[in-house]
Amino acid sequence: MSRTTRIERYRNIGIMAHIDAGKTTLTERILYFTGRIHAMGEVHTGSTEMDWMVQEKLRGITITSAATTATWKPMRGPFAGLSHRINILDTPGHVDFTIEVERSLRVLDGAVAVFDASQGVEPQSETVWHQADRHGVPRIAFLNKMDKVGADFAMCLHSIRQRLDANPVPVQLPIGAGPEFRGLIDLLRMRAFFFDEETGESSEPREIPEPLRAEAETLRLRLIEACAEVESTLLQKYVEGRLEDITEEELELALRTGTLQRQLVPVLCGAAFKNKGVRTLLDGIINYLPAPSDVTRASRDEEPLCALVFKLMHDKAVGSIVFLRVYSGTLRTGMTVLNTRQQRRERVGRLMFMHANKREEVDEVHAGDICAALNLRGVRTGDTLCALEAPVVLETLHFPEPVIQLAVEARSRTDQQKMEEGLTRLAAEDPSLRVEVDPETGQQLLSGMGELHLEIVVDRLRTEYGVEASVGQPKVAWRETLRQRVRQEYSHIRQTGGPGQYAQVVMEVGPAPRGSGLVFVDETQGGVIPKEFIPAIEKGVAGAMQRGVLSGHPVVDVEVRLVDGKTHVRDSTPQAFTVAGSLAFQEAARRAGVQLLEPVMDVEVTTPEEFLGDVLGDLSARRGRVRGMEGHGTVRRISALVPMASLFGYVTSLRGRTQGRASATLRLATYEPVPDALQASVLAAAHP
């Protein structure tokens, strides 16, 4: 698409859902119907365009978000017949790779939430929905797999309303469900379309089947009511009872307004695997989701350059590939830009649009584009790149804390160097992966979001870097916090014959609310400690918290109030106050008493009713607390809180005890105090 296309005809969207809801299959159909690819791949054969990594093809899941671009002319609606560019990010559905969803949503303008029509809202659906809420991303919903046994349109709407606290507004009504799914009723035009069973093509519009007319009229009235709440002209017609005067065009525009304001969620449906409903979804993406110019940021080519780095990827052929979202201005090959986080200049090498792992080189990219660049060696995920003469800092990305740790050890000295290189690159690509060295054993420690996450990392070391590594048993990512508040005075005085070191601090140290990290408050008065030394004290406290006090695990959720101190006219330095802050905190923590915290997972199990008792008994044995249970047909969905320490190997165990018919999703819920008996055993293991 040439730059004569206005930015109003761009759509930057993500496809997001729970695992196995059909995201990648849907993306594959979108690429086919837009002419981007000429043959549709399938997840079960490992032939899809977007799941290009070896691990994705073998496991049939999406691990890393993949970018691509397509064009589409809507068949109907306010933009009918106008060619639009759709930049698509296909995101993972497994909770271990939620960072991919997080950074994708940060740079997207809209999203398609895909739901399995037989399951409704599933655990990861809920997670990604709330991530989109946090980033203010407008959404439309697509109820996929309407041809699956158990598909239930009304149940899905209720599920979206109850579990996501959203306002789903159907714009289509399915004709039949499960094996009887035969077509769709367009509630704006009040016409029926039937699918060709071989091709998935829809027929010419027909009259609505009489058995479905009453339901269609009820849903259309609800559609009008929802639109009237966001559009005053419709509200007037609705109040006056002039429903026949409401046009399809007015409803389309009101739906778009309500979607952009996040007051409603248009709901479409289909069966992507059989090509059903994909074209009308493409129309919905154009008609209801925002263009870059619809969002609050100024998206114009003539503005100074502003772009956000949201992802890094290493390619053996070309090196480091940096993914960018351009918010304003124009970025050209050879241009020098400012990295405002590091306050350093970067010269842009080659620019390209990505299609999964394929590249299309270009000379320049513009506001609204999602692209990739080479030779930006100093950047990291979350950095802002901008024009030299107009520096700006965009809000960076926030990454989740790891919940599991694994020790890896190279089997030879040659492998050791390759492993270190590989882990450095993998950690740069994936900010939710932490790599450090155990100071006692010298082993590399990997910390991540779950067993599958770390398993994939180890597998990538083998397949991409040729490293055969020995892997230890997974360990819980424990945390420490304080039991009570204490007042601590500490003096750091050192005389060595030359310039000395002098720093005295008085601080009150105690527990803070869960999830608050370090709360540091300066309450000194009268300049007893000069302001330039205060950051040094906070730095010392933060460093001591990272090293831990009791078990060597990081300390979290602490409030430190600096209340007094003393300085020396010659010997007080920032370095002296950093040491004083660190040692004062360590001493205070020992006096306050340290409480070990463990990650507690929100576990959602879907199981046939016949295995319910066995599943509940197993959760109880793992120190689980059942929070709720709901049913749909003969399937039960259990929600429970279970400590991570009790969940290693749980998914495999669950499949074994339910003949492979149950599934589970695990995600971090909170950190909770460890029982005293368990704390004693953990500390004994840490200090044998």
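Buried means under 20% relative accessible area, exposed means over 50%, and partly exposed lies in between, with a 1.4 Å probe and protein chains only. Keep those cut-offs at hand for this tour.

The model is predicted, so local features need pLDDT of at least 70 and side-chain atom pairs count only at pLDDT 80 or more, while totals for chains, interfaces and linings use all residues. Residues are numbered from 1 along each chain as its sequence is written, and side-chain values use heavy atoms, with hydrogens and water left out.

**Stop 1: a buried pair**

Select E604 and R637. They form a salt bridge (a side-chain nitrogen of Lys or Arg within 4 Å of a carboxyl oxygen of Asp or Glu). Their closest N and O atoms are 3.6 Å apart. E604 sits in strand β31 (residues 594–608) and R637 in strand β33 (residues 635–643), so the pair ties together parts 33 residues apart in sequence. Helices (H or I, at least four residues) and strands (E, at least two) are DSSP runs, numbered from the N terminus. Both E604 and R637 are buried.

Together with E604 and R637, they are linked in a network of salt bridges. The whole structure has 46 salt bridges.

**Stop 2: two helices joined**

Select R460 and E429. Their side chains meet in a salt bridge of 3.1 Å, N to O. R460 is in helix α11 (residues 451–465) and E429 in helix α10 (residues 413–429), 31 residues apart. R460 and E429 are both buried.

**Stop 3: a three-stranded sheet**

Go to β7, β8 and β9. They make an open sheet in the order β7-β8-β9, with antiparallel pairing. Strands pair if DSSP finds at least two bridges between them. β7 (172–175) and β9 (191–194) are the edges, each with a single partner strand, so one side of each has no neighbour in the sheet.

Zoom in on β8 (residues 183–186). Four bridges join β8 to β9. I185 has A192 in β9 as its bridge partner.

Stay on β9 and pick R191. Which residue forms a salt bridge with R191? E207 does, with the closest N and O atoms 2.8 Å apart. E207 lies in the loop between β9 and α6. E207 counts as exposed at 54% relative accessibility. R191 counts as partly exposed at 25%.

**Stop 4: a helix contact**

Finish with α6 and α7. Select L221, I224, E225, C227 and A228 in α6, which meet L234, L235 and Y238 in α7. Contact here means heavy atoms within 4.5 Å.
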